[in-house]
Amino acid sequence: MTIQPLTRAALAATLIVSFSHVALADMTPAEVQVPDGNTVALETVGVGAITYMCETQDDGNMGWVFKGPHAALNDSEGTQVGSYYGPPATWEALDGSKITGTQLATAANGDGNIPLQLVEANPAEGEGAMSGVSYIQRLNTQGGVAPDVACDMDHDGATAVVTYQADYIFWAAE
């Protein structure tokens, strides 16, 4: 069965809203849990794409290399409230406030899905929705992994864009 991207976004948003924060914390792997002393400031569903390029990796082998994401950040009703893009990884609210961050941890989330992630936020640029954000969690990931197609010298420089979806939970110190 194929679920259209907008339908997936609506389903994911409904699931976020239906769980209490305590229940979500209980289901989140320990390595991507937000430290005590923080509270949820904003919950979004990111719907977009990740670009990969076929190139020589550090080990000398050819492979798909992550180049960056581009996603809409939507609220629980599917209305866009911001964007996620990079590099560097940047979360920007429609009010112009934005943050970057440093990845602290990841946790596997099944075959074909990018990992769950915990990021410590840098101070926000601009005043608005991203002001005061201390951590960002990427949860409930769907898709987004490098393509399973040939990447060799014959494909050097080729790009591949793969779709993904994830919940981005923004936390602020209490």
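The lining of the largest pocket comprises 12 nonpolar, 5 polar and 1 charged residues, where Ala, Val, Leu, Ile, Met, Phe, Trp, Tyr, Cys and Pro count as nonpolar, Asp, Glu, Lys and Arg as charged, and the others, Gly among them, as polar. The model is predicted, with pLDDT of at least 70 needed for local features and 80 or more for side-chain atom pairs, while totals for chains, interfaces and linings use all residues. Residues are numbered from 1 along each chain as its sequence is written, and side-chain values use heavy atoms, without hydrogens and water.

A pocket is an open set of points on a 1 Å grid over the protein atoms alone, where a 1.4 Å probe fits, with protein on both sides within 12 Å along at least five of seven lines; lining residues have an atom within 4 Å of a point. The largest pocket holds about 240 Å³ of space, the volume being that filled by probe spheres set on the points. Of its 18 lining residues, Phe66, Tyr84, Ala89, Gln117 and Arg138 are the closest to the centre. Strands S2 (62-74), S5 (98-107) and S6 (116-121) each supply at least two lining residues, and S5 gives the most, with 3 residues. Strands are DSSP runs (E, at least two residues), numbered from the N terminus.

Strand S8 (residues 159-173) is largely enclosed by the rest of the structure, because 11 of its 15 residues are buried (under 20% relative accessible area, 1.4 Å probe, protein chains only). S8 runs antiparallel to strand S1 (residues 38-56), to which 15 bridges join it; here valine 40 stands opposite tryptophan 171 in S8. Strand S7 (residues 133-143) is likewise antiparallel to S8, through 8 bridges, and glutamine 137 stands opposite isoleucine 169 in S8.

How values were computed
Helices (H or I, at least four residues) and strands (E, at least two) are DSSP runs, numbered from the N terminus. Buried means under 20% relative accessible area, exposed over 50%, partly exposed in between (1.4 Å probe, protein chains only). Two strands pair if DSSP finds at least two bridges between them.
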